[in-house]
Amino acid sequence: MKYILPWSIVLFLISCMISCKVAEPDNATLLPEVLNKPVEKRTISLNSGEDSSWILYYGVQDEHAPRTPWDLKKSGFSRIPAKVPGNVEIDLQQAGLIKDPMIGDRVYDLRRYETCQWWYHRSFTKPDVPEHHRIELSLDGIDCIADIWLNDMKIARVENMFVEHHYDITDLLREKNQLYICIHSTVLEARKYMRSNFGVRYDALAEAVSIRKAPHMFGWDILPRLVSAGLWRNVSLEIIPPSYWKSVYWVTKDVDVRNRKANLYVDWEFSTDRLHIDDLTLQIELTREGRVAYENSVKVYTTVSREQIWELEDVDFWWSKGFGDPALYEATLKLLDSDGKVLCENRQDIGIRKVELIRSEVNTPEDPGEFVFTINGEKIFIKGTNWVALDALHSRDQQHVEAAVDMLVDLNCNMIRLWGGNVYECDEFYDLCDRHGIMVWQDFTMGCTTYPQSEEFAEKVRMEAEKAILRLRNHPSIVLWAGNNENDVSLTWGGDQSHLDPNTDIISRQVLPKAVRKYDPKTPYLPSSPFISSAVFKLNNRIDTDASPEMHLWGPRGYYKAPFYTKNRAKFVSEIGYHGCPHRSSLEKMMDTDFVYPWSEDLAWNEQWQAKATITHPSSTTNRQRNNLMINQVKSVFGNVPRDLDLFIAASQIVQAEAMKYFIEFWRMNKFHRNGILWWNLRDGWPVISDAVVDYFGNKKLAYHYIKKVQKDVCVMIGDEGLVEDAPGPGHPVVVVNDTRETVSGSLTIREADSGRLVFSKPFQVEKNGKSIEGYLPKPGQTTLWIIEWEINEEVHSNHYLAYEPVISLEQYMKWRQIILKD
């Protein structure tokens, strides 16, 4: 029997066939990524705003999950409004589908979303652009593995959270355009890879290594497991002119500080649609505060070259905090045609400075090593901190940047280490560091394990590193690229593999140093922190963490004056910290009311305190003893643990404050036998219980105020007998440290806190960038608090020293605390 289909069904089937053809990945038109991003462009935002709306679709990523926008429309996926930049958890909470994950242990509820697929959708109108201009789709941050669809065509797949992605979509645009971005489940994508047996596998570290996503998001000891997804940075259209700068790279070759002279060069490269360029002129100008420091015009006969600037005079150099003004110049490059029309222009702030990291491969008693930074030939003692994720939901990072940098300035930090478990920060952060003279140690974003050695993974890291370097390299604050955080030493952890040489790692020993050499050869590179060099490994054919000049000092985290801290050989410590309980007001924000009090009768922690420890999963055993660090540390000083919560908070913060103060003073008093300390850490990126001196809500623990006192450029401190180089004793040495380029004179007094009795007084003078031993105090024979005051140029500063042998009275110390903080 012959059956004729109705015409409506025929049309429907044809449309389905067309849609299916577009949906096939093999037939997708994948655009090449634009790797040489124009230095200058006009931007049209596609972020959420009054004139635009994003929709978020989501559902389980099983065999029925949509593969195309056409499938999505038929899928039955849930639909909610979305915010861009944003994270899916923020949208779910805004829609009333989840409770605030920052409270209690609710973050565990997010695990059910880890196997979801997420589709972002919005429409936009084709912008009007001048003739010969191109239009690029710019995605500054996609978390993390995503397919990008434009007008029913798959144009790209991205697999990296950390860096921007650009695609020329000029020829694909219609008057009305539909943009879909499908973000796949990170956890399910990670399961496609087989983990090697080389490296750490405990908890979530093994799961994370093949995915280019912030490592902390799989769970860390300072942040919860929160495997998010989202368009976490800006989405925009960029209008690219026919002539534009592909690359501009400024380098300070030589400096003559005494005579205020410097030699510079600028590498430049432009792209143009012009066949003939001999009528073009390059115009270069350096200005500072309205004064023209240099200007020159040269004829152009190639699209890539280097312009030398010899004997620049009357130079204002860029200095790190304390050593001088972090002077910035506005550097301008213009490309002009024969009529004087500007075809393209690049403006950026640069600093004229030369940085060097002087380091040795090994540090032993027989062969003492070195690890010291210099700026413009001057040794700089480093006093700074570590910068971790500003927020576990990274779309909120930027709202915290300014306040966090303000704290760095307030604490007089001259360096910040951007820890490898995080992301690369936004431009505003580096601009602020440039402006304030805060040096930036930038880890590449890997940490605490070994990473795949395949060519595929190496290529992912290479592209990521080159993009990060190209974006950040002109910032004068960038003084170091480091390959990772603790990957070398992680081989000594659980299931000891310390007999394996970390120098075989192709990522940190080949891929990353090649990228730095290729695009930022002026800046030092460190393969890992701490770095286990071949020389260190060959000492015993094993990893010996004590033989590296730069170390992380964690260890037992008991009494803060224990030999672990005072007898180590480190020339530089880039991680060292101590737990401190947050304020009650913060605990009340981060926990349900019934869980704010932490313990049962046997001091066992309740589940919400454990979740804030942070435990990756309720079934995980990792970090379950982490809160006990506070108990052990309180016991080491006060002998017992107060059961009253407010007293416990006070005791915990006191011990943290004294410990952090002691670590900084110990390193500073041994300047330049030791060359710097980067303490852990400034602030929390989530409501947790940790080593940070500022919690997520911005409340400063006692340690913050103590650190502020002991990080002043000129500081008077009292040391322990036998622990200060060049101070043989007997007694407690009185040490003055001067971290400036000027000789400093002043006067100091030391009094007993209880009686006010004067025990030491004298004028002092300390050479520039030096230290002096001003005398010794005899051991008091009983627990005593000494109050130190010093005056320089009619400005009075204060510090204190607690002379004691454990244990001491918490009640007595809390009385002293008022005296310590009076100024």
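A polar contact is a pair of N or O atoms within 3.5 Å; within protein, one must be able to donate a hydrogen and the other to accept it, and residues adjacent in sequence count only if both atoms are side-chain atoms. This is a predicted model: local features need pLDDT of at least 70, side-chain atom pairs count only at pLDDT 80 or more, and totals for chains, interfaces and linings use all residues. Residues are numbered from 1 along each chain as its sequence is written, and side-chain values use heavy atoms, with hydrogens and water left out.

**Exercise 1.** Find which side chain makes a polar contact with the side chain of N485.

*Solution.*
- Locate N485: the loop between β26 (478-482) and α9. Helices (H or I, at least four residues) and strands (E, at least two) are DSSP runs, numbered from the N terminus.
- Check burial. N485 has a relative accessible area of 1%. Buried means under 20%, exposed over 50%, partly exposed in between (1.4 Å probe, protein chains only). N485 is therefore buried.
- The partner is the side chain of R417, at 2.8 Å.

**Exercise 2.** Decide where the buried residues of α17 fall, seen down the helix axis.

*Solution.*
- List them for α17 (residues 810-820): L810, Y813, W816, R817 and I820.
- Take directions from the helix axis to the C-beta atoms; these define the arc. The buried residues of α17 fall within 115 degrees, so they line one face.
- Look at the other side of α17: E811, K815 and Q818 are exposed there.
- Finish at the N-terminal end. S809 caps α17, with a side-chain oxygen 3.3 Å from the backbone nitrogen of E811.
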